[in-house]
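Hi,

Here is the structure I said I'd pass on. Have a look at it first, and my notes on the helices follow below.

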Amino acid sequence: MNQAVENNSVTHIALIGNFLPRKCGLATFTTDTFNALKSRYPDLSVDVYAMDDHPGRYDYPSCVTGTIPQDDRAAYIATARAIETSGAQAIWLQHEYGIFGGAAGEHILALLDRTNLPLIVTLHTVLEKPSAQERAVMEGLLRRAAKVIVMAERGRDILTRVHGANPRSIVTIPHGVPDRPFADPATVKPRFGWSGRKVILTFGLLAPGKGIETVIEAMPSVVEQNPDAMYIVLGATHPNLVAHEGEKYRDGLKALTRELGVENNVAFVDAFVEQDELIDYLQAADIYVTPYLNPAQITSGTLSYAVGVGKAVISTPYVHATEILADGHGVLVDFRDAAAFAREINSLLGSERNRSRLSARAYERGRTMTWSRVAERAMNEITSIVDGRPQRIASSGPIKPHAPDLSAVERMSDSTGMLQHSIYSVPDRRHGYCIDDNARALILMSAMDDLDDAARDKWTTIYASFVQFAWNPEQRRFRNFMNFDRTWCEDEGSEDSNGRALWALGVTARDARSRKHRDWATMMFDMTASLAFELGSPRAQSFAMLGAAAMLEASPGHQLAHSILTRFPDEHMALLDAARRPNWVWFEIVLAYDNARLPEALIRAGQAIGRQDVVDTGLETLAWIIEQQKSPEGRFRAVGTESFGRPYADPLPFDQQPLEAQATVEACCAAFAATGEERWRTEAERAYGWYFGQNDLDLPLATVQDGGCFDGLMPTGLNRNQGAESILALQLSNCAISRLSKAAQAVAGTGRAVA
């Protein structure tokens, strides 16, 4: 036995597909797969997640861990979370078009994108000519999967030729079959009342495309030579067909038998039979026929089962049949050729020797396809992808501060301002500009120490000009989004964008290296900052407080800044009192983005207006949010975007965005400045290290060579786009951590006690 099987390092997997009692071939396949895995590997944990087209209709067995309502995209994402936390080491997905929600079943990609577990996919359909949506889904699966299982070599050919798939990632494993001893049909026929009859059988959910009418049309010629012949059509009508047209197709087939005078030689068994009963039906048959009409059909479970129990098979030459019946293991006839079916059926019914010889060859091939063999081969592949995952070497200890680098900021900027988004590192002009990013870029121009005077003057002026042009005096609000053609998308931007604009103006008034820019920023702040009193969002208010605190440093006694700083802290502390719970020390009942800005604003506001109670509240809430942003290993873990909007819930780990690390770094810098306590420096360095690989995936987001930063950590790895927000977050963090290092050295040099 293969050693990889006997010494399997995989102990827990997630299995996704349809599942009995849902009545379809894929449900039977997934159920058989589960049973084979549990039989062959008794200690293997297999969590089944069943696709559900009619929630509440099916009484699933206890082995089904969870169900996924087909059209509920949120359920796919929730399932991804469940799988991630379950301890599963890999996902085995059964893919078929039509069982997943969204265009061409795209919802399944949402699930797979929310987990970083190794993925193996069994493809039950591979299309020669996929639609654009079908192609997009298939290629999404191919990008995500470590291994792809096809059941016929033609599937490998199509994947490589049509989709450019890597042949080394594709493995052919046949459809599984039950391991039943070979049986003489004569010993089984009495159970069904078929003694003395020559039985021809077709099995499967009844639907057009199965070609049943072709065999019925052949029956007059068969009956002429074999009056005791009986054609059994076994299977319920496909549920989707019943829902649309009832039993119209079955009734038409019955009418055809009467028209041809063979109604006494054709029987319809309208039932969805369980596996054991199906095998009994198969073993009672003399000949199995699959007259399917689709040449591209790559998988047929019924054909596999027939071969597995040793049936003489006559089939049309669809892909799966041509492969499994090759080399004399069955008989092939042309599509819709009733005369050929009649000829070959009569030939086999007329020669017991030939029929028995063909049955023996089929049974021999079936021994290579038993479910236990399929389970072993699949587990070998799963083990290889789990064991083959690259071992990441975690970095530890404080990261040496990196010098700020303007290269990526300049790459994303033009004479109008800084563009919002990129595709990888190339600016994407379709999304234009926003004041959020240009306000951040304006702050960066004051924060960078080692910057050429000409470059600083040029870019400070450009970003300031954007902020200035964004002001809409008629609405007394800043606009936010601008198209690439410099037309505005709205008359009034979001509250957050207005708060950030005030923040940038206050910082520029305090920190700009040129007097002309400080004077401009002071003028703009004086003209616009009263809008802060109409902001209702706690974050927008916090941004305004940060700007006001800077403005008060630039101009002590500044009345408007002082008014902002005296109004909002009490409102925020009232929010904290209302939302607080024993394990929840936060201003809102949910977590969102830029969280650390709320405590930072209180710390800086409290210092600016001399209120220690405000500072203390900021420190308390900062300590709490930091604990929420820690992985079990003690690394910084940004509150994932999936966490947003979940009342009093622990944060979810993905997607993690650079903005959160920056906010935490700068809030901890504020806490260190207020207290001199070393723990705040430690927490700032912890958050800073996130950019350089000290994170859940041990992957650096910073591209140090050019000053860029990837847009985030996803369960499957990096979001490799480099938008303005991410680049600016890194560079502002570089500036903040450098200032913190210098401040810590200054504290140490004065002999000031450091806790």
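To start with a question: how far apart are the end C-alpha atoms of helix H22 (residues 538-554), and what should its 17 residues span? The end C-alpha atoms of H22 are 24 Å apart, which agrees with the 24 Å that 17 residues should span at 1.5 Å a residue. (The expected span is 1.5 Å times one less than the number of residues; helices are DSSP runs of H or I, at least four residues, numbered from the N terminus.) H22 is also largely enclosed by the rest of the structure, since 15 of its 17 residues are buried, buried being under 20% relative accessible area with a 1.4 Å probe, protein chains only.

Before going on, some housekeeping. This is a predicted model, where local features need pLDDT of at least 70 and side-chain atom pairs count only at pLDDT 80 or more, while totals for chains, interfaces and linings use all residues. Residues are numbered from 1 along each chain as its sequence is written, and side-chain values use heavy atoms, with hydrogens and water left out.

Now H20 (residues 495-511) and its partner H18 (residues 435-447): they pack at an angle of about 15 degrees, with their axes 9 Å apart. (Axes are lines fitted to C-alpha atoms, for helices over the stretch in contact, and angles run from 0 to 180 degrees between N-to-C directions.) That makes H18 roughly parallel to H20, a label for angles under 35 degrees. The residues in this contact (heavy atoms within 4.5 Å) include Ile435, Ala439 and Ile443 of H18 and Trp503, Ala504 and Val507 of H20. They divide into eight nonpolar, three polar and five charged. H20 itself is mostly covered, with 14 of its 17 residues buried.

The other pair is H8 (residues 212-225) and H14 (residues 338-349), whose axes come within 8 Å and cross at roughly 45 degrees.

Thr257 is buried, with a relative accessible area of 3%. Leaving aside neighbours within four places in sequence, Thr257 is in contact with Ile216, Val262, Glu263, Val266 and Phe268.

Cheers

Conventions
Helices (H or I, at least four residues) and strands (E, at least two) are DSSP runs, numbered from the N terminus. Angles under 35 degrees count as roughly parallel, over 145 as roughly antiparallel, 65 to 115 as roughly perpendicular and the rest as oblique. Ala, Val, Leu, Ile, Met, Phe, Trp, Tyr, Cys and Pro count as nonpolar, Asp, Glu, Lys and Arg as charged, and the others, Gly among them, as polar. Buried means under 20% relative accessible area, exposed over 50%, partly exposed in between (1.4 Å probe, protein chains only).
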